[in-house]
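Come along as I look things up.

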Protein chains: 2
Amino acid sequence: MLEFYSANGTCALAPHIALREASADYQLHMLSFAKKEELSEPFLSLNPKGRVPALVTDKGILTECPAILAYIAQTYPQSSVGMPADAFDFAQIQSFNSYLCSTVHVAHAHRMRGSRWADDPAAIAEMKRKVPETVGACFQLINDEMIAGPWVMGEQYSISDPYLYTLSSWLDGDGVDINTLPNVAAHFNRMQERPAVIAALAEQSESSQ
Amino acid sequence: MLEFYSANGTCALAPHIALREASADYQLHMLSFAKKEELSEPFLSLNPKGRVPALVTDKGILTECPAILAYIAQTYPQSSVGMPADAFDFAQIQSFNSYLCSTVHVAHAHRMRGSRWADDPAAIAEMKRKVPETVGACFQLINDEMIAGPWVMGEQYSISDPYLYTLSSWLDGDGVDINTLPNVAAHFNRMQERPAVIAALAEQSESSQ
């Protein structure tokens, strides 16, 4: 059985939803960042990065959101998040997910994790100040150019959908009004109705108590 | 034929090497950042992100380094960078590449591209100051935990190798001495000897003149 490590408010929600979409057999471990469980010895010995998501398979551990998402797509080909047969279609999904991890998530991280890139409190505050602008610009591009509709890739739901949904859920905290982004808002509302999303959120909440 | 857009000193060198490894039929377009060609109308109409790499296929354009690398792996399965048959092996490659794009490249980008995340010159200078520490920490983890040797994934060369090589080539500019990282240095030297690397560097240089 798969062992899946997550924490509240992180991008691990995306592969968590994908596991539900795939009806995968997994055990959920919610780490508490408040208790610094991601930096505890048992977890670090499993994942030296001290980050979530992490997926333990019978072949070993996998880390990094886009890699775990693509692994779920590849190993549950018949599910709603199954990997498309065509290499170009898969590459488009991967391109979208790469943009989320390397640009959008990074823009967001400058709000709470500025100490990764600077020590001076004034510099950290300045990064935080710019987050609504940088995250807003990323999501404007997503809104205008990247959502084919009704799902990110068009008629076919994919691993890009739970990933976008997860990052969209951070917009309010990042100071960006989702209602100024109609395609993003419509996608977010559409996602909220999916049984896999409802189930993942409920399970996350139960397992965190 | 594939059309490949690159620029000197960027991560586009990684898929460029992969195209050579795959003996792909492609046309190279080197954009001049000094002339801001990546923000010119012809290129922006092709790629609204205004970034490289970009690969134009007969089905459309692909962007983002890890996505282009995986597309090359999938479409040239018999080459030295061909996609492995096993989903877990592929996921490990993807995990490594995700770490490079979302953490290592991002740490590096704070040296020259701080204005992406802050406007205040003092904050931008502070980000730049910390780059040797942050890039150094990323590469320490790569050196200690991630290079199976002789290639990143072990005996099997993969798309992770040109990607690591490309980011390793930035270490000197980032203020990190590669000689303090023996596994990274050995990998870098091993890569320098590959005909595909020598050919890509020569072609890049010729096409930039």
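Before naming any element, I note that helices (H or I, at least four residues) and strands (E, at least two) are DSSP runs, numbered from the N terminus. I am reading a predicted model, where local features need pLDDT of at least 70, side-chain atom pairs count only at pLDDT 80 or more, and totals for chains, interfaces and linings use all residues. Residues are numbered from 1 along each chain as its sequence is written, chains are lettered from A and ligands numbered from 1 in the order in which they are written, and side-chain values use heavy atoms, with hydrogens and water left out.

I looked up Pro150(B) and found it in the loop between α5 (121–146) and α6 (160–168) of chain B. A cis peptide bond joins it to Gly149(B), with omega about -5°. Pro150(A) sits in the loop between α5 and α6 (160–168) of chain A. I marked these bonds because most peptide bonds are trans.

**Entry: positive phi**

Most residues other than glycine have a negative phi. Lys36(A), not a glycine, has a positive phi of about 55°. I placed Lys36(A) in the loop between β2 (26–31) and α2 (41–46) of chain A.

Is Glu64(A) buried or exposed? For this I use relative accessible area: buried is under 20%, exposed over 50%, partly exposed in between (1.4 Å probe, protein chains only). Glu64(A) is buried, at 13%, whereas Lys36(A) is exposed, at 54%.

**Entry: where the chains meet**

How many residues of chain A are in contact with chain B? I read 47 of chain A in contact with 47 of chain B, contact meaning heavy atoms within 4.5 Å. The area buried between them is about 3800 Å², and carbon and sulfur atoms give 61% of it; buried area is the accessible area (1.4 Å probe) that two parts lose on being put together, summed over both.

The rule finds 6 salt bridges across this interface, each a side-chain nitrogen of Lys or Arg within 4 Å of a carboxyl oxygen of Asp or Glu. One of them joins Asp86(A) and Lys59(B), whose closest N and O atoms are 2.5 Å apart. On the side of chain A that touches chain B, β4 (60–63), α3 (65–75), α4 (87–112) and α5 (121–146) of chain A each supply at least two residues. The most come from α4(A), with 14 residues.

I found Arg20(B) in helix α1 (residues 13–21) of chain B. Arg20(B) is partly exposed, at 33% relative accessibility. Its side chain makes polar contacts with the side chains of Tyr26(B), at 3.5 Å, and Glu203(B), at 3.3 Å. A polar contact is a pair of N or O atoms within 3.5 Å; within protein, one must be able to donate a hydrogen and the other to accept it, and residues adjacent in sequence count only if both atoms are side-chain atoms.

Gln204(A) belongs to helix α8 (residues 195–207) of chain A. I noted that Gln204(A) is buried, at 8%. Leaving out residues up to four places away in sequence, Gln204(A) touches several others, including Ser6(A), His16(A) and Met30(A).
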